[in-house]
Amino acid sequence: MSGKKDIRMIDIIERIGKTSINATRSFRDTLSFAFTIILKMFSKNSYSSATRMVLINQIYFTSVQILPLFIGISIILGSLLIGIVFQIIKTLGLAEYLGRILMGLVVTELSPFVTVLLIALRSSSAINAEIAVMKVNKELNTLDKFNIDVIDYLFLPRVINGVISVVLLSALFSILTLTSGLLFSKLMFGMSLDTYSNVLLNSANFYDIVISLVKCCTFGFFITLIPIRFGLHATNDLTSIPIAVLNGMVDVFIAIVLIEVLSLILSFI
Amino acid sequence: MSKKVEVKVGLFVVITSVLIIASVLYLAYSKGFFTREYIYTLSSKSGEDLTEGMPVLFSGYKIGRVETLELNDQGILLIKIRIPEQHSKWIRSDSTFSLYKPLIGSSRLIIATENLNSPALSPKTIPEIVMVNDINESIKKVQPTLAKLDKVVTNIERITANLADPQGNVNKILSHSEKLTGNLAKKDTLIEMATGTPESAQSVNESLKKIRDLLAKTDDQVYGNDGALPLVRKILKDIIVKLEKINTALDNVVKISADASDSTKDLKLLRTEIDTTVNSIDKLVSDINKILPSKKEPEIKLP
Amino acid sequence: MDKELKDFAAKNKQNLGLVSLDVPLISNLNVWVNIALIKQYHQNLPDDKAELLVLQYLRVYGLEHIANKQTSALTNKERFFAMLIRAAMVMDSIIVIDRPFKIIPDVPDDRFIYNALNIIYDSFKECHIFDYTWFKDRYRMIYVEKG
């Protein structure tokens, strides 16, 4: 009985150890892959007409196609959110912190988060599946046989697109939300344009913008890099595609949470 | 690749980038990044409470900030303040620079200019900063009040000590009041209360009774055939005087009972007075008795 | 056969233009992008010029209409031509056709392949066809048997 118990305990510990080693290895591999991509990103030889074309297509599918939806969400969410924040601030008598709350909440937190969520749901999953399908169909082999670097041609434009799209869409979200907040505050609370812009400008600082920018870049980088990496994990079997997508998306979620936590820590230092 | 896609992507990237750049530039402009700035150097013997980035105020309005702090060869702290062009007009040669340390909140550098027509301060001139410490100022202001407060506290302490002391005045007054009200509850009459013993009151009553008897006898004797009216009148006058004294004493007793805060010292005095009066009345009665014997045939010596 | 092909491919890696089902067209790109990709990547040819070039080649085969088609919509012959043009896009191309009758099973002999190669003969340096020996009857051309 005791012997069985011991064996079970050892099994559990072994499993924990294995999981930890796998997680660490996966984390290390992701970082190493990220490093390779970064090196390629700054190498002039990585860019060609083909890369540019893929990049444009990626930006089109990731950002331009969802623009109407994104603008709609920004305006509706922005108006509602600013309305609620106004009401709460008024009730609590914290009107002097309005600018700080709006800038801190919208620019540094909400915009990157909503953007990354939308892009991760739409594009990261697509990239993950696309790479996995290419692997299964031996299309990556095609690129190899024609001496086309998969990192240069496939991965780099996708990662760059992730960074560009998250940064641009997040900035657009901030601008649209704050602008719709102006209309909302004017209509609902009778706040003038001058007062509103003064409140925002006084609270705005470049440190927030830099933090937000760095955060968006990191988000964009990892929500495209992780799906690519997990897409490559697919085997020649069709059934490996959903598994690759599933694992990739879980890791994308973990990455988003991790980056969010790190940025919060960074902004409080 | 379709040209349409390229155009759409191009438009998106350009418009969004322009929006972002415009927003950042607008923010930078509003924060005064593009305005020309003047740098003035101030000096201070101590760098305490001085920090880089500290606001510089004129009439309570922020016109600039402290750029850098550095020590010169003489060990004097040099403070470089950065003032935007539009605010440099407030800094004249007779401007005073003071470091204001409020009781609560961060320190600030305050510029005061009495004469705005005086020549502008040359950036080469190094005026000295005057230290204004809100805490010391406040202490100075508060000191007289604190002295007064100290006195008040001492008084309160004495009062509370008196209250707490069983032998203290307040407790004495209270115990006296207690005694007095107890007495008031116990005694049947005010006279008894005033005299202190029921015997005294009885004697007063007896005396009064005797007087009444005496008056009846006197009446008899005075209005009788062998009356002694002139002598009695004199004696009666004396009695009236004595009775008035009793009246006064009784009035005092009433007063005492109404005002419970009177001390027992007064009551003692009063009692002594009443005792004296009663004794006098006793003496008087015995005198009257002597003059007007109760026996049927007394011989009254007329003066 | 596989070994010979592998060795040959390894030896001519830089100029290899492989036509094989193991080197398929990329499924999420249309035909002209699949072909143009080689010139765009290796010679940084602008996409509009690359597109024109591909269209010229397709026109030669009378297949202009497949330029914007997805690869899944192609017939076997169309797929073979697309792969052949793609292989010809490699600079100083050494075209290697791996088991052509696997790509175009409905073709009876090598005349179709010969004609196809003949049309673009100035676009490649050499051409090698690798196939199983039991298909030798389908070839009228001189062939070298190894292994």
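A residue is called buried under 20% relative accessible area, exposed over 50%, and partly exposed in between, with a 1.4 Å probe and the protein chains only. By this scale K138(A) is partly exposed, with a relative accessible area of 37%. The structure is a predicted model, in which local features need pLDDT of at least 70 and side-chain atom pairs count only at pLDDT 80 or more, whereas totals for chains, interfaces and linings use all residues. Residues are numbered from 1 along each chain as its sequence is written, chains are lettered from A and ligands numbered from 1 in the order in which they are written, and side-chain values use heavy atoms, with hydrogens and water left out.

Chain A has 9 helices and 0 strands; helices (H or I, at least four residues) and strands (E, at least two) are DSSP runs, numbered from the N terminus. Its pattern along the sequence is accordingly α-α-α-α-α-α-α-α-α. Of its 269 residues, 49% are buried. A contact requires heavy atoms within 4.5 Å, and among the contacts in chain A between residues at least 6 apart in sequence, 86% join residues at least 24 apart.

K138(A) is found in the loop between α4 (98–136) and α5 (139–145) of chain A. Its phi is near 65°, a positive value in a residue other than glycine. Most residues other than glycine have a negative phi. The second feature is a charge over a ring, a term that applies if NZ of Lys or CZ of Arg is within 6 Å of the ring centre and within 35 degrees of the ring normal. The charged end of R229(A) is placed in this way over the ring of F230(A), 5.3 Å from its centre.

From the N terminus on, its elements run α-β-β-β-β-β-β-β-α-α-α-α-α-α. Of the 303 residues in chain B, buried ones make up 27%. Among its contacts between residues at least 6 apart in sequence, 61% join residues at least 24 apart. Chain B exposes about 20400 Å², with 57% supplied by carbon and sulfur atoms.

In chain C, 3 strands form an open sheet with parallel pairing in the order β1-β2-β3; two strands pair if DSSP finds at least two bridges between them. At the edges are β1 (16–19) and β3 (126–130) of chain C, each pairing on one side only. Neighbouring strands of this sheet are turned by 20° against each other on average, direction ignored. Strand β2 (residues 94–98) of chain C pairs with β3(C) in the parallel sense over 5 bridges, and in β3(C) the bridge partner of V96(C) is H128(C). Helix α4 (residues 76–88) of chain C packs on the sheet, touching β1 and β2 of chain C, and its direction makes about 175° with that of β1(C). For such angles, axes are lines fitted to C-alpha atoms, for helices over the stretch in contact, and the values run from 0 to 180 degrees between N-to-C directions.

Over all chains the structure holds 11 aromatic pairs; rings of Phe, Tyr and Trp (its six-membered ring) pair if their centres lie within 6.5 Å, and planes under 30 degrees apart count as stacked, over 60 as edge-to-face and the rest as tilted. F80(C) and F112(C) form a tilted pair, 5.9 Å centre to centre with 45° between the planes. This pair links distant parts of the chain, since F80(C) is in helix α4 of chain C and F112(C) in helix α6 (residues 111–119) of chain C, 32 residues apart. Both F80(C) and F112(C) are buried. The rings of F81(C) and F112(C) have their centres 5.1 Å apart and their planes at 50°, so this pair is tilted. F81(C), in helix α4 of chain C, and F112(C), in helix α6 of chain C, are 31 residues apart. F81(C) counts as buried because its relative accessibility is 12%, and F112(C) because its value is 17%. Y61(C), F80(C), F81(C) and F112(C) form one aromatic cluster.

Chain C also has a residue with positive phi. N44(C), in the loop between α2 (31–43) and α3 (47–60) of chain C, has a phi near 50° and is a residue other than glycine. At 45% relative accessibility, N44(C) counts as partly exposed.

Conventions
Accessible areas come from the Shrake-Rupley method with a 1.4 Å probe; for residues, only the protein chains shown count as cover.
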